[in-house]
Each structure stands twice: as C-alpha cells, then as structure tokens.
2 protein chains.
Amino acid sequence: MAKKVSLSGFPEWLPGQRLVERFVLETIRTQFELHGFAEIETRAIEPVGELLKKGETSKEIYLLRRLQQDPVEAANDPKQLGLHFDLTVPFARYVLENRGQLVFPFKRYQIQKVWRGERPQDGRFREFIQADIDIVGDGELAFHNEVEVAVVMARALGALPIPPITIRVNNRKIVQGYCESLGIEDIEGALRCLDKLEKIGPEGVLEQMAELGFSKNQSQKLLDMAEIKGSAAQVQAATSRLGVVSDLFTQGLTELLALLEQAEIRVPGIVKADLSVARGLDYYTGMVYETTVSGHENLGSICSGGRYDSLASDGKRTYPGVGLSIGVSRLVSRILAEQMVTASRGVPTCVMVAVTSEETRTAADAIADKLRARGISAETAPKASKFGKQIRSADQRGIPYVWFSESSEVKNIITGHQESANVDTWQPEPQYLRPQIEG
Amino acid sequence: MAKKVSLSGFPEWLPGQRLVERFVLETIRTQFELHGFAEIETRAIEPVGELLKKGETSKEIYLLRRLQQDPVEAANDPKQLGLHFDLTVPFARYVLENRGQLVFPFKRYQIQKVWRGERPQDGRFREFIQADIDIVGDGELAFHNEVEVAVVMARALGALPIPPITIRVNNRKIVQGYCESLGIEDIEGALRCLDKLEKIGPEGVLEQMAELGFSKNQSQKLLDMAEIKGSAAQVQAATSRLGVVSDLFTQGLTELLALLEQAEIRVPGIVKADLSVARGLDYYTGMVYETTVSGHENLGSICSGGRYDSLASDGKRTYPGVGLSIGVSRLVSRILAEQMVTASRGVPTCVMVAVTSEETRTAADAIADKLRARGISAETAPKASKFGKQIRSADQRGIPYVWFSESSEVKNIITGHQESANVDTWQPEPQYLRPQIEG
C-alpha cells in the first residue's frame, strides 16, 4: 500500500492518500484553533548560526549553497544558510524579532515541513511535516500552561480515527532533585542511561551506570525511580517509598501530580506518569511529554515536547515556554500503510458532464459551470465518446455522477440510479458531494 | 505595514497577516477543486540531475549538503540534492514515477513553497509559495484543456477581493510560423528581443534585432505582429493585415481565436490577446499566458504558464501538458502592503473565560471546554486578575467576548453589550465567531 518513493526518506502520496493527510492536518488544526492557538509559518531557511545555537551539532542539518557559489567559499561563509530541522528554533528567533507586536503569553501553532540530513540507509524520514503548539511567556510562564498543551494534544490526536493514545509525562525537577539527593552530579549521564532502558533493559542500564562511576546503590535507586508509572495516586505512593529529601524533587512531584489530576478531569484516561521518560530532559526544565499509539508502540513517540525556561533570550529578557510537536508524517505513514483511514475517491469531482461530440462541449461546459456556481465540483468529459465509455471513464476516476445534457438526466454510477435533473436545482446525495473520509 | 524580515527575500507574517494569506490560499484551492483538480504535494528536494534536466542553469538553484559532509565531496557527488525552484519539474518526475496509478488526462494542483537562490541584494523573493494547476495527457492533450486552465485561473483570481485581472495570451505557433514566413531562423533570438519590448520600447527592440542580423523589414514586421492586442475580432483583423502565409501561423491563430471566444463566454472581459507576450515561448509549444492586476502592473505577471508538448518523457511515451502558476507570495505581499484584505483579529479565539483567582481556574477551564465542544474557540485568562484588567487583556488580543463564570454572563467587549448566558446554548453573533476577512 505504501507508495515506493524514488528518494529514500522523502514521502510522497497519491491524491487519495493526500486527502487522508489533509484530513489529519485539518482535524489537528481545528483543535488547535478551538483552544486559542494562532497560526504562523516561518521561513524554511535559517542562518547556520541560529540552527547551531543550542549546540545541536548532533542534529543532521542540511546546509545550502547557491549553484553559482564556490563550495569551499560557501562552507566558510559566516552567513551560510541551512534548512530548519524543527519548528522550535525558528519560533524562538521569530519571537525575539517580533516581540513588539506579540501579546504574551503567546500561543501559536505551526504546521510545516522540517528537514534532517540523515544518512539515506537509516530508513528515517529526511523531510517530514511537524505540527507544533507552543505557549511562550515574557519573563514568566505559569504552570497551568504545561497542563494546557497536554490537554490540547490529547484532543487533537483523540479527534483522529486512530487507536487510543497515551501521553507519558515526567518532570526534570524530579529527576534532577533525585540525582542531587543521591549525590549524583552527572545528571546528563544518568539521563542518557535511563533513556536506553527500553532498548537494553534494567541490567544493561545498571552496567552503563557502573561505567559512568555510579555506585551500585545509586544505580539501583535510579532504576527504582525510573520504574514508577501510572496515575497520580500510584505515583504518590511509589515516590513516597523512595524516601527522598529534596526541595527540587518535591516541587517537580507536586507539578507532576497537579498535571495528572487536571488532565484526568479534562481528558480522562490519556495522561499517565512515566518516570523513565528521559529524552529531552537535558534541555527541558519542567514537564516532559511523549505520546504512543495503542498497538503501534513501535512507531515510537508521535508527539513529544516539554517546558523550557528559556525558549529565547536577548541577554536582558528571557522567554520561557512549553511546547509539543506531532510527527505528522510518521503518523500519516502508518495510517496509510494500515489503511486506518481512507478517502472514498481521489478526485474532488462530484459530477462528470458527458460530451457527445466536440461541438457540444460548449454546452457541456455551461452545465458544469452552473453546477460549480452552486458549489458542486464538476468537470466535462476529457473526450467526446459513446456514453458507455464516458461512464467507464468517470468510474475509473471515482467520479460518482455522470450528467447527460441532451436528456437532462443524471446517473449515479455507484448505485446505478438515474433520474431527470434540473441543473439549477439538482443536489447530489450528501455523501457523494465531496470525497468522504472513512476510518 | 510590511513586516521587516531579518533575512532578505524570506517573507514571514504576523498571525493576522497569515490569516489573510490562508484566505487567499483557501479561495484559490476552492476554485481548483470545483473544477476537478486533485491536490498532490511533492518533496521539496530533488536530485540535481532532475533540476538541471531542461538545461535551466540560468535558474538560481540551492544545492544541499549534510553538515557532516565535506563540501568538495558533496559538490562532486552525482547524487547531490537541491531545493526545487518550481513545481513543474517535480511534477514531471512524479508523473513518470506514478503513471501506473494515475488516470490521464490527469488534472492536479499543487500549492507549495519553492526556493530560488537569487542574490540577496536583488530584492527578489528567495522563498515563496506557488499555486499551480496542470493538466497532463498520455501521448496527447486536446486543445480545450488550454482554454480550461485559463478559465480556472480567471475564476480563482477573480474570487479574490483584488482589482480586476487581465490574462494576456499568445501562441508559440503564431510567432514561430510568422518568423519562418519572414525567413527568420533564429526564433529564440527574436523572442528574446520581443520580451524586452516593454522595458526598452520599439526603438530599442529594433536596435537589438539589427544586432542579431535581422533585416529592417524583418524587424519592423516582427514589431507589427508584437503590437497586436485585444479581442478575437481585433486580432483577426490585425493579423489578416500582416499578410502571412504559413500553416503553422494559421494553426496558432485558430487556437488563439478559439481560446478568446471560449473564454469570453465563460469568463467575459478577462482574457485578451497580446502578441508581445514572449516569455516562456522558448519551451512552451502552444498557448502562453501572463496575468496582470489592474493598477498593479508593476507587480509583473502574477500568474504565468503555457502548453508544452512534453512535460515528461521516458523515451517511449511522451506526456504533453498545459499549466499555470500563481506567484502567491508576490500577490499576498502586495495585498498586505496595501491592506486590500485584512483580518478582523489575529487570534482564532471568540471567548476569553475570566479567572478571578487561580482556585477558580478549573471551573473556568470547564466553561471553556463546554464552549469548545460546541465549536466555539475559547481560552481561559492567562492570569487571575481584576475584571477590568482581564477585559483589557482580551481587548489587546482582539478577543471579542469575555465570559464571567460566577455570574454566568458574557460581555461583547467590542460593542459593550453584556447579557446572561447559558454555557450549553449561548451563541456568539455570527460575525464574531471566527476572524472575519474584510476586503
């Protein structure tokens, strides 16, 4: 079912598949807007300095040079440009540039392509759509925003005809406070080990921690924490058993419990704690989130993010934020491969107006124009031919109706029903007007 | 009014401006779909070989290399990639790759960004949105399709609240047949001179033709042809006075007249002949089109295209096509600069639910959620504060209503009207539900 593409990692769809992708995007967009998020788009290209700002040299970035430019000169050009690899870095720049015209806290969404220069053999997408929401504050950002973004994403993904999702949440302050109370200074190291828990299991994690110089006690206690999952009540009970004394840990835990409780009221059954979530904890400073789809856990997280104390800063002012990003292409790819969602046809056309001879094309065009004026998508037959052939042509395209001008009749070629029709008043059956999304 | 951007040639908009851009895009998209065009998107990136296929080395192309790749190695890599500079080259590749799954003639539209590596000082866009329609045939493509695309674009642009447009049309066969009848072999050279007519005037064109070796008679006769404009009747009269004997010329003229007549029936007053239109005549093989906006002729052509005998070919089969491309960013840029179209607010939010204290936030969220469930965009106040401050905050954002939970009242802060409201049944006045596009 998946269309074989000629350039690995650059997905493309046939028209019927594109309709499914658009349905997914429109559904997500609708939820974003119902929650007060305003759309922006940023350019696809940033100065390399912006892209490498956060020291993200591990990211595979595509750099640009003009065809007419010498390669070595371009590589040494301080004004070199590159394609953005996410929507957060461009957004940070946009906020700093436009803060005079924005009202804070600023809630925005962006749905755009991003590019990552992965090696082709890795099988990963190199070009894909992300759908991001972020709330950014001027100098401060209240905690309730960290709840809000999780609720919005739960609704955006919940509105799609896909299996139930789970948003797993953790909090940097919990992990950091805990590490500090255990006398662990290399928090980044601890996080890197915990991030591998799913891949290499508890034994493997203990080994890696030993290599970092953590004691057996520290390592085991970290694992004990990482194994804590579930509801607010479960987390409260399990964490109290850890016997931690740390203000930072307590602060983080309070936030986590508050989010779980709020989320359970507004989007019950979706948000769960998972203290093994470590990805991103090196730059996020509060809540972190990952999202899996039931039965499709091998997709990995389809929606991730967290809170950062400083999205952007100009040296004087700081702009804290919280955001989440859906990997739309990865999700759409799975939806299409498993045919979870399909379009009833690949063309928007509702009616094909038959053309008996090229002399009657003008009259056929006039019929089609009248239907269009009333919001009904129509086309005239590409070629004059016998009715049987034109019906087959419409059928081949998935067009549900054929209009016969001379007799002023319209035939539903799916049901076979044929009837007289007045071009100024006729209506198709509602389910045939537009391509239907079924899932 | 135009937002100053930090990277010349890469336009970005504020949220209210983005709403205008989306309105323009949705209006165009609706017309495309009413005429039976199906959407596709292609990847942004193509192998350099594809981009340079038509010998378009004059186009400024952005080439890519991965950050981790050596610049010289990347430049010599036959598999080097680049950003697409239009949507026709990618479409040609897509057709060849997917022809087994497409029904011909295939009518598709694409609305995507393209990139051109112009020099920054030239002031041109380096990243911009194009909206293209193309009809492509398998081996053959009937002439009526060349009429159809002009009609569709006339309607797409006509549906926008901008001044009237004029689509100027010419035909390669006219120019080529005429040149041949005059004994001119260097048709490309003749076209290059004619293309400068508007810039350097008739005297300048005569000089340039003399430099190419055309005789005074040939040059003057070419100018006589280029000055022919207007309706079918005017063109018929003027061309008959040229006294041309050429089958090719006659064929082109017949097509041109047919298009003018058909277009005049379906989109009266829009399509006019202009035999000075020369751009693109070196690769188009039939009709060519350019479009200007009344009063904004200095924008140049906002929608151009033509018919080509071979969009794509695999050596065995040829796929002729006809297409037109709207320079959306150029148009939107002018619309925004002149405030031809504006959005009534920059946020989607209809209602802000006031929050008297952080303890009442949960109740406020519940109110907002109930409104959203009924399709009304809502947000809770970012911060608990006095009512006056919250009203000012809503006003600052452009949100029309403020909801007071304790008294179950809603206030329209634009009109000042306040009333009791039931959260399960209240409706905003229709013009405030969503941002309104005014133009």
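How many salt bridges are there between chain B and chain A? The count is 24 salt bridges. This is a predicted model, where local features need pLDDT of at least 70 and side-chain atom pairs count only at pLDDT 80 or more, while totals for chains, interfaces and linings use all residues. Residues are numbered from 1 along each chain as its sequence is written, chains are lettered from A in the order in which they are written, and side-chain values use heavy atoms, without hydrogens and water.

**View 1. The contact of chain B and chain A.** Chain B gives 88 residues and chain A gives 88 residues. Contact means heavy atoms within 4.5 Å. Between them the chains bury about 7,500 Å², with 53% of it on carbon and sulfur atoms. Buried area is the accessible area (1.4 Å probe) that two parts lose on being put together, summed over both.

**View 2. A salt bridge between the chains.** Glu379(A) pairs with Lys107(B) in a salt bridge. Their closest N and O atoms are 3.6 Å apart. The rule asks for a side-chain nitrogen of Lys or Arg within 4 Å of a carboxyl oxygen of Asp or Glu.

View 3. A disulfide is a pair of cysteine sulfur atoms within 2.5 Å. Over all chains, the count is zero disulfides. Cys193(A) is in no disulfide, and its nearest cysteine sulfur, that of Cys179(A), is 10 Å away. Cys193(A) counts as buried because its relative accessibility is 4%. Cys303(B), at 0%, also counts as buried. Buried means under 20% relative accessible area (1.4 Å probe, protein chains only).

Terms used. Buried means under 20% relative accessible area, exposed over 50%, partly exposed in between (1.4 Å probe, protein chains only).
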